[in-house]
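Here are my notes after going through the model. Have it open beside you as you read.

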Amino acid sequence: MFVSQSMTRDVITIDKDANIFEAKDKMAKHRIRHLPIVAKDNRIIGIVSDRDIRSALPCSLLKDYDTGKAREKLLDFKIKDIMIIDPFTVSLSYTIQDALMLMQKTRVGAFPVVDEQGRIKGIISTRDLLRSFINVLGIEEPGTLLCIIVEEKIGQLKKIVDVITEENISFGSVLVARCWDEGKRAVFPYLLTKNVSRVKSKLKKMGYSLLDPTEWYIDDVS
């Protein structure tokens, strides 16, 4: 799935010469945490987050905001003074996996999505990615998650799928992860049913080990 299918298209932006309170109010109104800053031709020139705004507004000044002197001083803060210049961006051709890995690497909570000319086309946030993965994994539908430990051999996944389909059970998704035992993998089929006793019994008879998914910790994998 591509970023272009998951991003928020109606992007709320702000001008670089706006004051900080305009940005603060806009974020509160639209319930967002990031505001891209664009030039007149819609090219991205910066971004500001709610964290940037909080860092730029001393608590002592906020307490006295109603006084004329404090108000005047706070209004001197402009977005261009605190924005992140040349922020991380992603292109329309990025996959949601690409965006997720970049978020993990950069510790950034949202990326403007731009075309080849650097013009903003959307924004993708952790919330957008979470919604996309819920959709991809099919976990919005009620079901049961299994954890099956298998040998790292070609054909293992097919055997598992065959056993499940023989029971006329539909899949929400199937994930394969590393395992702490060398030469093995963990298979996580999400089945769209609560009645999995026959499937589990068949898998055990085939020699597979089944774990409670809540006992799986990725930190255990080196």
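1. Is Asp-17 buried, partly exposed or exposed? With a relative accessibility of 37%, Asp-17 falls in the partly exposed class (buried is under 20% relative accessible area, exposed over 50%, partly exposed in between, using a 1.4 Å probe and protein chains only). Before going further: this is a predicted model, where local features need pLDDT of at least 70 and side-chain atom pairs count only at pLDDT 80 or more, while totals for chains, interfaces and linings use all residues. Residues are numbered from 1 along each chain as its sequence is written, and side-chain values use heavy atoms, with hydrogens and water left out.

2. Asp-17 has a partner: its side chain meets that of Lys-80 in a salt bridge, 3.1 Å from N to O (the criterion is a side-chain nitrogen of Lys or Arg within 4 Å of a carboxyl oxygen of Asp or Glu). Asp-17 sits in the loop between helix 1 (3-6) and helix 2 (20-30) and Lys-80 in helix 6 (residues 79-82), so the contact ties together parts 63 residues apart in sequence. Helices here are DSSP runs of H or I with at least four residues, strands are runs of E with at least two, and both are numbered from the N terminus. Lys-80 is partly exposed too, at 41%.

3. The whole structure has 13 salt bridges. Another one pairs Lys-202 with Glu-167, with the closest N and O atoms 2.7 Å apart. Lys-202 belongs to helix 10 (residues 197-205) and Glu-167 to the loop between helix 9 (156-166) and strand 9 (171-178), so this pair links parts 35 residues apart in sequence. Lys-202 is partly exposed at 28%, whereas Glu-167 counts as buried at 18%. Shared partners join Glu-166, Glu-167, Arg-198 and Lys-202 into one salt-bridge network.

4. Next, have a look at strand 5 (residues 110-114), where five of five residues are buried. Ala-110, Pro-112 and Val-114 point one way and Phe-111 and Val-113 the other.

5. What does strand 5 pair with in the antiparallel sense? The answer is strand 6 (residues 120-125), over five bridges (pairing requires at least two DSSP bridges between the strands). Ala-110 has Ser-125 as its bridge partner in strand 6. The two strands form a hairpin with five residues between them, and Gly-118 in the turn has a positive phi of about 80°. Strand 4 (residues 90-91) pairs with strand 5 in the parallel sense over two bridges, with Val-114 as the partner of Ser-91.
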